[in-house]
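Me: I am new to this structure and would like to understand how its features get their labels. Could we go through them together?

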Amino acid sequence: MEIELVLSSSLHYMLPRKRAVGGEAVVAEGEEDNCSAGSLKKPRISTATTGTTETTGNVNSNSNSNSSIGNNNSNHSRGDAKPPIMALGEGNPPDIDEDLHSRQLAVYGRETMRRLFASNVLISGMQGLGAEIAKNLILAGVKSVTLHDEGSVELWDLSSNFIFTEDDVGKNRALASVQKLQELNNSVVISTLTTELTKEQLSDFQAVVFTNISIEKAIEFDDYCHNHQPPISFIKSEVRGLFGSVFCDFGPEFTVFDVDGEDPHTGIIASISNDNPALVACVDDERLEFQDGDLVVFSEVQGMTELNDGKPRKVKNARPYSFSLDEDTTNYGAYEKGGIVTQVKQPKVLNFKPLKEALKDPGDFLQSDFSKFDRSPLLHLAFQALDKFIMELGRFPVAGSEEDAQKLISFACNINDSSTVGKLEKIDQKLLHHFTFGARAVLNPMAAMFGGVVGQEVVKACSGKFHPLFQFFYFDSVESLPTEPLDPSDLKPINSRYDAQISVFGAKLQKKLEDAKVFIVGSGALGCEFLKNVALMGVCCGNQGKLIITDDDVIEKSNLSRQFLFRDWNIGQAKSTVAASAAASINRRLHIEALQNRASPETENVFDDTFWENLSVVINALDNVNARLYIDQRCLYFQKPLLESGTLGAKCNTQMVIPHLTENYGASRDPPEKQAPMCTVHSFPHNIDHCLTWARSEFEGLLEKTPAEVNAFLVNPIEYASAMKNAGDAQARDNLERVIECLDKERCETFQDCITWARLKFEDYFANRVKQLTFTFPEDAATSNGAPFWSAPKRFPRPLQFSIDDPGQLHFVMAASVLRAETFGIPIPDWVKSPMKFADAVSKVIVPDFLPKKDVKIVTDEKATSLSTASVDDAAVINELIMKLEKCQKKLPPGFRMNPIQFEKDDDSNYHMDLISALANMRARNYSIPEVDKLKAKFIAGRIIPAIATSTAMATGLVCLELYKVLHGGHKMEDYKNTFANLALPLFSMAEPVPPKVIKHQDMSWTVWDRWILGDNPTLRELLQWLRDKGLNAYSISYGSCLLYNSMFPRHKERMDRKLVDLAKEIGKAELPTYRRHFDVVVACEDDEDNDIDIPQISIYFSPLVGSSAPSGSFSCISFVIFPCMFDLIVSLGINVFFFITKACACVPSV
């Protein structure tokens, strides 16, 4: 019976669970955990406009009575217990769907997710900002979202709200939002309120958000929330044109459980002194991240065991590899060896002020751009003045109205004069003019950005995860405005869906947006947000406009928690196609084409010269550095603006790459991630990452590479044998040994054989190898210089004793045997699911005794890159192995093939992560390393990038604010902004981009953006002379990876009078299609003093540039700055050639 219970829990752990995709679930009281699929109903969407709450989604029949914190809690008696200091989601939420929320779980963890799943949120104001906040919270999976709005949809709203279409004009905003928001996540209950709110209604929620409320009403509601028991988190946020604000009040005492969301820092101890204070030194494997004042705990310390008591101790004098301990260890035992020091993360209590007090004394503002250090106090005034304007005049200011601007400025001055704290000496009236003119407009990029910020603050309020915004945040992007003064007549509405945007930027810029030609690379989380943004902005929606999006990936379930254009029924479909269709439904005028090609050198026939030449801008929505670098090089070559962004959990960054103004993306690189030495991973792991790296490697070797190697032999034995003989190295020998082992003594014909194989693998991995390692290097072993071999960071291992009563060990055998059967095509019998039968089958396996061998070589060199050791007899051994392999082949049934298994982390039914997590945890157990659950193992072994909707929304909003500048043109470098943000802290850091490096030579200068053009189909000699005339001596010319010329090779002088195009075709094997008129060479040069000079790439034109004749004269660098008429002529003739430079390099000063 004990065996049966153990294995039942193991099976429960392994088998996947399906996500409910129905609408409302009606569950009888007391039966919440036993509801069947038959109880699911379709969502009910009400069109009522009364004050009653209408709901959709999965609703428990008893949810209104006891499932939401704050619902009548003020009347609950708790005796003498102190009331809670904050309102967090509680109750018993449903199991977390790890397939759906895996990327979000990597950011928040299970406890935060459970709190979110039990949280009820109110969002008041369903214009663009409210819609963005609702989207992000519904994707995150809160328990319920109630939408409140008393107004009706206007054409004006379509500039910023992705939910509404022209067909919704006149409908109540809240009711018109329900259906599309419900599609994002059926597990969230979505309700509506369509009449005036009362403060008593706020008691039903953990957090309330207001996006369109007067200050007077906000103060009333905030006072109620602040004094409620437990407090209700109150957030007020506004977007007004290119200006935005956020205010947070989470109550008088709000506890933050995890300030930054980072894993606790750790260190491996090398020594501890008997001193006061004690000095703790750690191994130099990794820098310590401790700071003065941090609390740490010690474990596994030998000798000075007094520190292993679990008591937190304070860090002093923190340094990269050591710190002082605020403790006297003089009388403690002497440190011997070992020990781990781990940071203890402390909760933090914040005391929020209510809005009424904070308006008068706001304290420190959260800054985003230190070049605007004095901007926040002015915007604090501006938003109060706008509220005063609306209260007195009953309307928003009119765009372009000087009278309204002066009225608002007057209100701002009066408020400032009456201030007793933080009074401004000077008010920037020009800035207030911009604020006034755009005050009515909610712009999509601003809504997207603030939707991310506010959505994250709601998550903090409901969970206590991450540090809240304390308390005011103001932001503006006035740099996005056109550089020239705007004519008030250009700001007037024209009865279009873009009227709100026109009121800020004018109709002229709107026309440029509509006629733009944009390439979005990637349609995942970033791509979906970008598509939504550009559709609402009207980008590519004109007759001349065209948006092309490409992505070669298909939709998976894990995408649905943040890639909001996708639905359950889209799983398995092409991302770009589905996303394009969804974007077109947001704006029917969007001219979009979806491709399923990966943008790479292999698809340059699709994304050819003409394609790149016609683009206005490129927007990257990629998830890997190599793809980004490729697109960066294409944009650099064709001189196209590139808008770059990326996210990592709560962090995001944006980078603007603007031709000739900024450096390119590839100009600066992050340092490569530190890789653990191979010997550490294979023999001396000291953390779970090492164990998981080893487990992933073993999985691929056993189940993918070896079966693939077997098939390679079976498909063509002669060719395979010949290849092994030609290689003749240790790797070839190892490959042959693995193939023979797989087809001979480890070949499986029945499922019992697979169980035997798995059980013996357990013995090999976790007992025999450890016994051999500790036999070769005993616990008291010393290095050649006399130091203990098993010193930090090495951990001395212990072999495992197999037991069918151990669920982790049995779990390994089950997963391994099932996957082994899959590689051999052996059916998996039904009795595998019977705990007793499976345990009996494992018990039948006979495990031979193991005796360690002498003189076994174990790699300990950290610089070693291979565990295979070369031998002088490799060739002879390989011949012998091939003969054995041929004998094995004769024993195989005709047509025998194996089934290689490629690792897939996101399918919980395939046993892949079950095996990898079991491998890693058993190995961790060998080395006394803390084990991890399957989800954590998936994050590490699957290299899952943590991702949440909020940071994605913020990043894309910031990028689209820069898109205004790019498509307008004429902005200076200082107008552009690169951003790094961490919503967890929160931290916002904006700065100007870095200019490109300028190289000067004589009276010429150039940057990486320049390209030199040479026409008239030159010879090698002519190119060298042309460079020599500029004081440049070329010593090497290459095309791709082929060397066309090197001055050190005498035979290369024979090529002097040959055409460069002929050399490229003959030597470089250049395949130049008929439409191509040029090719590019890289030339290495030095000046007359033998100093290397980096020159631009040179384009050699072997066909006439214009008509049938090339430019006259000798080979000069052509620039369309100097020859605009020539450029216009080329374009008018439709010639497929571009010059892509803005500087004349033939002895002409830089422009």
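Me: Which way do Ala207, Val208, Val209 and Phe210 point from strand β5, and are they buried or exposed?

Reply: Welcome! Bear in mind that this is a predicted model. From strand β5 (residues 207-210), Ala207 and Val209 point one way, while Val208 and Phe210 point the other way. All of these residues are buried.

Me: What makes β2 and β6 count as paired with β5?

Reply: Two strands pair if there are at least two bridges between them. Strand β2 (residues 120-124) and β5 have four bridges, in the parallel sense, and four bridges also join β5 to strand β6 (residues 233-240), again running parallel. Both pairs therefore meet the cut-off of at least two bridges. As examples, Ser124 has Phe210 as its bridge partner in β5, and Ala207 has Ser233 as its bridge partner in β6.

Me: How many helices and strands does the protein chain have?

Reply: The protein chain has 31 helices and 32 strands. Of its 1151 residues, 56% are buried.

Me: What order do the eight strands of the open sheet follow, and which are the edge strands?

Reply: The order is β19-β18-β17-β20-β21-β22-β23-β24, with mixed pairing. The edge strands are β19 (592-595) and β24 (987-991), since each pairs on one side only. Neighbouring strands of this sheet are turned by 10° against each other on average, direction ignored. Helix α14 (residues 525-537) packs on the sheet and touches β17 (517-521), β18, β19, β20 (617-620) and β21 (642-648). The direction of α14 makes about 130° with that of β21.

Me: How do you know that β18 and β19 are paired?

Reply: Strand β18 (residues 546-550) and β19 share four bridges in the parallel sense. Pairing asks for at least two bridges, so the two strands qualify. At one of these positions, the bridge partner of Ile549 in β19 is Ala594.

Me: Which strands make up the closed barrel, and how do they pair?

Reply: Six strands form the closed barrel, running β9-β10-β13-β12-β11-β14, with antiparallel pairing. The twist averages 45° from one strand to the next. Val296 stands opposite Gln343 in β14.

Me: Why is α17 described as largely enclosed?

Reply: Of the 14 residues of α17, 11 are buried, so the rest of the structure largely encloses this helix. Among the buried residues are Leu629, Ile631, Asp632 and Arg634. Helix α17 (residues 625-638) reaches 20 Å from its first C-alpha to its last, close to the 20 Å expected at 1.5 Å a residue.

Me: Why is Lys938 called buried?

Reply: Buried means under 20% relative accessible area. Lys938 has 2% relative accessibility, so Lys938 counts as buried. This residue is found in helix α27 (residues 934-941). Not counting residues up to four places away in sequence, Lys938 touches Asp99, Lys905, Asp906, Asp908, Met913, Arg943 and Ile944.

Me: How do you know that Leu513 is buried too?

Reply: The relative accessible area of Leu513 is 1%, which is under 20%, so Leu513 is buried. Leu513 lies in helix α13 (residues 507-514). Leaving aside neighbours within four places in sequence, the contacts of Leu513 include Met537, Val539, Tyr964 and Leu967.

Me: Which residues touch the most other members of the largest nonpolar core?

Reply: Leu181 and Val539 do, in a core of 173 residues. Helix α28 (residues 949-968) gives the most to this core, with 11 residues. A second, separate core of 82 residues includes Cys691, Ile826, Ala839 and Phe896. In soluble globular proteins, nonpolar side chains tend to be buried together.

Key: Residues numbered from 1 in each chain as written. Predicted model: local features only at pLDDT ≥ 70, side-chain atom pairs only at ≥ 80, totals over all residues. Heavy atoms only, no water. Expected span 1.5 Å × (residues − 1). Buried < 20%, exposed > 50% of the residue type's maximum accessible area, 1.4 Å probe, protein only. Axes fitted to C-alpha atoms, helices over the stretch in contact; angles between N-to-C directions. Contact = heavy atoms within 4.5 Å. Core = buried A, V, L, I, M, F, W, Y, C linked by side-chain atoms within 4.5 Å.
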